[in-house]
Amino acid sequence: MAYQECRTAEADVGMLYYMSEAAGTGGRLKEQAEDFVVEEISSRPERTENGRFTIAEVTVRNWETNRMVRMLSRQLGISRERIGFAGTKDKRAVTTQLMSFEVPAADLQKVHLQDLTIADPYPAKRPMRIGDLIGNSFRIRVTHCTAAPADIPGELESVRAAVAAVGGFPNYFGVQRFGVVRPITHKMGELIVRGDLEGAVRCYLSAPSTVEGAEAETARKELAVRSDWKELMKIMPSAMDFERALVSHLIEEPGDWAGALECLPKNLQMMFVHAYQSYLFNLMLSERIRRGLPLNRPVVGDIVVPLDADRVPLHEDQVLTTAENLDLVERQVKLGKAYVTAALYGSSGQFAGGEMGEIERRVVAAQHIEPQDFVVPELPHCTSDGSRREIICPVRDLKCSAEPGADSYTVAFSLPKGNYATCLMREFMKSEMNDY
């Protein structure tokens, strides 16, 4: 299969190729929140009468997950740590997910937030935790396509056929991993891994965005070069709430860069180094594609992981593909019972063998980093062991529906957890990064 080279800003986060040969429909996502509907497929905690936690279904429109948790904690009068969820969701979307609250169900009636509803509460003895989901179902509408309406059905069918032929699509980490408005999370992670915590704080405070407005742009320029934190606080827009938390800490503890970063939510701290690992993974996957190695078939040296009963990859049960077991491993992959992986490089990650191992080592060597760099004593939540990730993402229930005579269409599908809907949609659209 011939792969197209990506010439948009996605290349800056390592997404260097498209799988499908279709020219793309163009267009953009999320003109309205209702254009991007996500329903979590959860691993639901068992109902237990008199359980310590309340599990409930939370549906929101246009809510960023960390901000939502912060506002819920305020209205319930509890700490953020007493609210659990399985995964973060897109902000500009309508999303439904299970959450847990360490309060009685009756207390949830205290919550009155716009565009947020809580339904079907029940008691359980365990909370929702990050990773407690099987996958997500999506219904996504693309609008303002640049392709002629008459050409859209053919483009959709071309991509659908390519996905069906391979059994999925390249499992890149999508633009949301790095930030669509400010794609800096991987840059933050790299600075943290290299021990430059001041640089990480400055990056978070000052990296510009093209859509924030003049007031924020001015503040970020000043935050890049100044350290008179009290004066800087006066020019920071109220919408920069996480940035204001960092600056508030630096007013009290000048030079405590680690302490400032620890003012951020724990899951956001974790995301920085994970995003850097994701960037390296994207580079590895892109190089595999460039060399013409298959995505849906193992070669000698590949590390393959099996799936459990819920079709969740068992990353701890890694199998090295050798000349002796190649036929057996290839059969398991063909049956959809196992997947080929690439490295999420960290403090104790394992390289593959063969040509894939060479790719992984080259990408890491070019960064001049070592495993011990991913141990961050000053920021424990940023320490990362490393792991493996599947290089292809399977798709279920893929349906495409063009709107006759219109410059829009809808795609519906389900993905396993940890995978990005936009990485499938980019195959259909081939738009600029900001359009996702």
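Before anything else, a word on terms: helices here are DSSP runs of H or I, at least four residues long, numbered from the N terminus. With that in place, note that what you see is a predicted model.

Helix α10 covers residues 266–290, and both Glu287 and Arg290 lie in it. The two are three residues apart, which is about one turn of the helix. Their side chains meet in a salt bridge, at 2.8 Å from N to O. Is Arg290 buried or exposed? Arg290 counts as exposed, with 52% relative accessibility.

Now to helix α12, residues 354–367. Glu358 and Arg362 are about one helical turn from each other, because they sit four residues apart in that helix. They too form a salt bridge, and here the closest N and O atoms are 3.3 Å apart. Glu358 is partly exposed at 31% relative accessibility, while Arg362 is exposed at 55%. Which residues do salt bridges with shared partners join into one network? The network consists of Glu287, Arg290, Arg291, Glu355, Glu358 and Arg362.

Asp132 has 15% relative accessibility and so counts as buried, the cut-off being under 20%. Arg126 has a relative accessible area of 24%, so this residue is partly exposed.

As background, side chains of opposite charge can pair when their charged atoms come close. How many salt bridges does a search of the whole structure find? The search finds 31. As for the charges themselves, the chain carries 51 positive and 61 negative side chains, and the centres of these two sets are 2 Å apart.

Last, the chain as a whole. It has 13 helices and 17 strands. Its radius of gyration is 22 Å, close to the 22 Å that the globule rule gives for 436 residues, so the chain is as compact as a globular protein of that length. The C-alpha trace spans about 60 × 50 × 50 Å along its principal axes. Of the 436 residues, 52% are buried. Taking contacts between residues at least 6 apart in sequence, 74% join residues at least 24 apart. The chain exposes about 19400 Å², of which carbon and sulfur atoms supply 49%.

Conventions:
Residues numbered from 1 in each chain as written. Predicted model: local features only at pLDDT ≥ 70, side-chain atom pairs only at ≥ 80, totals over all residues. Heavy atoms only, no water. Salt bridge = Lys/Arg side-chain N within 4 Å of Asp/Glu carboxyl O. Buried < 20%, exposed > 50% of the residue type's maximum accessible area, 1.4 Å probe, protein only. Rg over C-alpha atoms; globule rule 2.2 N^0.38 Å. Contact = heavy atoms within 4.5 Å. Areas by Shrake-Rupley, 256 points an atom, 1.4 Å probe, with all protein chains shown as cover. Lys, Arg positive; Asp, Glu negative; His and termini not counted. Charge placed at Lys NZ, Arg CZ, Asp CG, Glu CD.
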